[in-house]
Amino acid sequence: MAEAAPGARQYNRQQIMLRTNQPYHQFTPPYGRPFSRVGVLLILALATCLLIFGCSESPTSVQQARNDLGVAQMGRYEYEAARDTFAALVDEQPEWTNARVNLAIATLNRQQEGDEARAFDILASVLETVQDEPRALYTSGIIELYLGNAESASGFFARVTKIDPSDAYAAYFLGQSYLQTEAYEKAASWLQQSIELDPYLRSGYWAAAQALRRTSQQDAARRLIEDYQRFESNPAAHTAGFSYRKMGPKAEVISDVVPTSIATPQPAGEPFDAAIRNSNVPAESRAFAFADINGDGKLDLYINGPSSMVMFSQGGLHTASVEHTLSGLDGHATAFVDADDDGDVDALVCRNENVEIYLQTNQQWRQSSVLPTPCSAIASFDADHDGDLDVMVTGVGGTELYNNNRDGTYRPIGRDVGFSKASLQGRQILPVDLDNDRDLDLFLFGQDGSTQVWVNDRTWRYEQLDVPALNDMQVIAATAGDTNADGLIDLYITRSIPSDEKNPLSFSSEISVITFQADGRTNLRQVAQLTEHAVELTLTDINGDSRQELMVSTKQGVIFLNADGHEIHQLPANSLVSAQPWNQPEGPGVFILEENALNYHPPGPGRFPYLSLELTGRTESDQMRSNASGLGTRIQVRFDGQWSVLDALDNHSGPGQSLMPVAIGLGHSAAADYVALTWSDGVSQTEIGLAADELHRIEETQRQLASCPVIFTWDGERFRFASDVLGVGGLGFFTEPGASAEPRPFERFLLPTDAMVPRDGRYLVKLTEPMEENAYLDQVTLEAIDVPNGWNVTLDERMSTAEPHATGRVITWRQAATPESAVNTAGVDVTQLIQHADRRAPEPGPVDSRFIGLLAAEQKLTLTFSEPLANANPVLVAQGWVEYPYSQTVFAAWQAGVTYQTATLEALDENGQWITVASEFGYPAGMPRAMALPLPALPEGTRTLRLRSNMEIYWDQVMIVYEESIDTHRTSRKPVVARINKIGFPRRTNGPQRIPHFDYHDRSPYWDTKYQHGYYTTLGDARPLVTKVDGALAIFGGGEEIHLEFDTFEAPSAGTTRH
């Protein structure tokens, strides 16, 4: 039975201080995954033949290739496979030093019980032969520090710093060793040395600040904390920690041969081929946008004007489709998105007087609604972070934000979230994540040249931000992106300036960039001054070098500028109306719409290869948390030691919005090393080895972000998965704006009678965090309950959402009534499925694909008993599980006017009327488990009960028991061992009906997950924190566990049964 502290509350993760003398370890995930820097290390490793393989026979080329395989396996975090690879090589070449150290590193990262000692022994044997082998010394220090032997660790790290004074990680961990032994001046010195060696080693700033504070150097400490915060959004920043690729390059496996990267010159030729001209365009064309309108995998065009035109892509050309529903409409611009998340592209047509919404289903189009705001510009994005795409409209009638109701209709919410309808008569809307918090902020550019900046605080509110650099700028057009992959948004703007004093209608253009710093400051600099009048801006990479160029549209054509403002290419035009890049697997081409023609400039030979990505939050399971169009996804591409960072957003300054793949230049690389995605719902996902020159469609990994701590028990052979626990104590679960569910700070969980077998005189229990969340544990106890034979025990436990609330008390009973029949909503007999707890439940019904854990219609389970139920303390006892909703999906449902209705119990009275017995009382609180609900008096003669809910609840077994009070013998044990370990992530699989299973013995040390910032209890002994309820909490996060051991109980007395 596990208990959290009474009155537990959510803490500020940067300020929490536990009542314990133990140190803490801190997780501060980098903006992007850290990259390996092994050049210096490999040079050292190649210094002598003895260092690599002794002076015995050199490894063969085949063995070298197998060593490279082990390195690649470690890069994919396949630690068990890598260890096997290196172990076989060491058996064949026992004096091969590199292979032996690689074996130790792979063993350490495998993280099975005793692997630290095994790895340390391997390294000790290496050091017997090669006393100054730097990787062996360094990794030995890592192991000692991990195990809490800081003084011994400092000796190893000090030797490494003498061998390689340039190793920032060695200096950092030496400083950490001194910090833990309270040698604060030495710690401060070495930690500051680490950030001098590697200014992007973010952990060094934080740790050095802590050391300086201990030496009363508060000002210096404060400056380091500011630097630490400044690097938060920088993708080049990285952190140190006890996991692979965070322990430093000397704790990484290596090849014997250092690959040599030879710079490749820019391919010969022009970036664009000869233009293809199409004169069949609508008269008085105003704008155009791209999307795969007919779902054939090719990008089509839609040209807006008094009589707009759909143009389908066919064989490299575009032909008009006058019969299409969208053709012939009078439109100013169009935004293409999947508005209803059904997998088909929809159209939001921006008109002078309103916006018309056209939805597509299986290539059939219909007008679903009209937004009454006059429209000059339109943008669709997830404004409220609920997983669907909302709509912002601006024009002569002002600006309005519309919430997506997920049924083809929208409602205005501008005033509710901070916008005033008449706030701005706009000409452009530019969504961008200014502050790197995964929600989209807004630039609104007015028809009068003014600018408004609105910051999304993700609590259903926007706050206006004053940006002095934008005051009085009279912006004509703008675009934004992270052009140099430093984690900071660069806003490019153009404004008109008079070019001829004698001709007041003659203008040139000044182009500037404003960089938004992490600390809120802005830097403004002029990029270029053009003699032509710029009317549009966008960012695109036309040569494939991964750095986006600024594409400037003027009446005379298109000019491409590099980051320094130097012109690198031009495309001429006559009376240009609009120009946009058209992303293809071979990179962007450019369409230029003139008054009487449409010119397409296809990609030319003078460019590097591209990575092409099409993102979607929609999967075959029809379960989503991010929008189906993938808009707002942060994309970080790693290739050839470089970063490219961009968001999946249309940054063109025109009034509409295209929906097309993302194109990222890869330089001379034929594939990306990996692509790290952060979806708008917070899910991190990594894709490895994506090749250039082909389109990759990536669906969001549909995994749980969080559940609850998972219990494993030793059953005599292995650690067996039991269930999860403390789901009733979730912190910050959304119910409505400004309100969250009140957590219950305790839960008691009844383990199966065969779940635990003593090992060496103790019961072993593991409480793990295999997901993206933290556990706050105040007290945990193990209790044995002995009752006379023939009696049974359950607990008053459930996720209780109404009175009577769960108490956790013991309920004893002898008599039970099981249904003689059970039928579901459709009247299908499901009796066999609810009579036994066998993890087979009646199907609850079709799910509502819009919201996780919600059904399309209410499920009803009607139970009929052979005899009338007695009113002798009846208790509903059920086995089952639930598909948990999340705050985000509950919020989305709330906005759409849909509520999650927990289970209600009804009884059929003698008159055939359904009488409510317990309204929305709750449900089984998570993975398979028992729940109980003490019942009030039932209507006389009740033989039929009904459970109903619109939640995805699986009822495995249902019965009525009759509680009787008896004397029980209860014995409690406190843990004799409570140890926090970093164990990785037990593998989760889902069986039929979403039933989960975790395998403790199949763990991945790495997973796409994030840690909340703040302090966690140190790895190691945590027993003083969990033996009593005192508010001194053990705090552990994803990939960690608290391992608990309890003394065994005396055998139960004769004639009794133990629970």
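Biologist: Which strand gives the most to the lining of the second largest cavity?
Modeller: β12 does, with five residues. Strands here are DSSP runs of E, at least two residues long, and helices are runs of H or I with at least four, both numbered from the N terminus. This is a predicted model, where local features need pLDDT of at least 70 and side-chain atom pairs count only at pLDDT 80 or more, while totals for chains, interfaces and linings use all residues. Residues are numbered from 1 along each chain as its sequence is written, and side-chain values use heavy atoms, with hydrogens and water left out.

Biologist: What counts as a cavity or a lining residue?
Modeller: On a 1 Å grid over the protein atoms alone, a cavity is a set of points where a 1.4 Å probe fits but cannot get out, and a lining residue has an atom within 4 Å of a point. Points are joined across faces, edges and corners, and the volume is the space filled by probe spheres set on them.

Biologist: And what is the volume of the second largest cavity?
Modeller: About 120 Å³. The structure holds seven cavities of 30 Å³ or more.

Biologist: What is the lining like by class?
Modeller: Nine residues are nonpolar, six polar and one charged. Nonpolar means Ala, Val, Leu, Ile, Met, Phe, Trp, Tyr, Cys and Pro; charged means Asp, Glu, Lys and Arg; the others, Gly among them, are polar.

Biologist: Changing topic. How many helices and strands are in the chain?
Modeller: 15 helices and 66 strands. Of the 1059 residues, 60% count as buried, meaning under 20% relative accessible area, with exposed over 50% and partly exposed in between (1.4 Å probe, protein chains only).

Biologist: Then comes α11. Why is it described as largely enclosed?
Modeller: Because eleven of the 13 residues of α11 (202-214) are buried. Among them are Arg202, Tyr205, Trp206 and Leu212. Just after α11, Ser216 has a positive phi of about 65 degrees.

Biologist: Which residues other than glycine have a positive phi?
Modeller: Ser575 is one of them, at about 55 degrees, and Arg839 is another, near 60 degrees. Most residues other than glycine have a negative phi, and most peptide bonds are trans. Ser575 sits in the loop between β27 (567-572) and β28 (576-584) and counts as partly exposed because its relative accessibility is 35%. Arg839 is in the loop between α14 (831-834) and β51 (854-864) and is partly exposed at 38%.

Biologist: Where is the cis peptide bond?
Modeller: Between Glu803 and Pro804, with omega about -5 degrees. Pro804 lies in the loop between β48 (799-800) and β49 (810-817).

Biologist: Last one: Leu1025, buried or exposed?
Modeller: Buried, at 1% relative accessibility. Leu1025 is in the loop between β63 (1020-1021) and β64 (1034-1036). Its C-alpha is 7.3 Å from that of Gln779, although the two are 246 residues apart in sequence.

Biologist: And Pro265, where is that?
Modeller: In the loop between α12 (218-230) and β3 (276-278). Pro265 is exposed, at 62%. Pro265 and Gly667 are 402 residues apart in sequence and 9.5 Å apart in space, C-alpha to C-alpha.

Methods: On a 1 Å grid over the protein atoms alone, a cavity is a set of points where a 1.4 Å probe fits but cannot get out, and a pocket is an open set with protein on both sides within 12 Å along at least five of seven lines; lining residues have an atom within 4 Å of a point.
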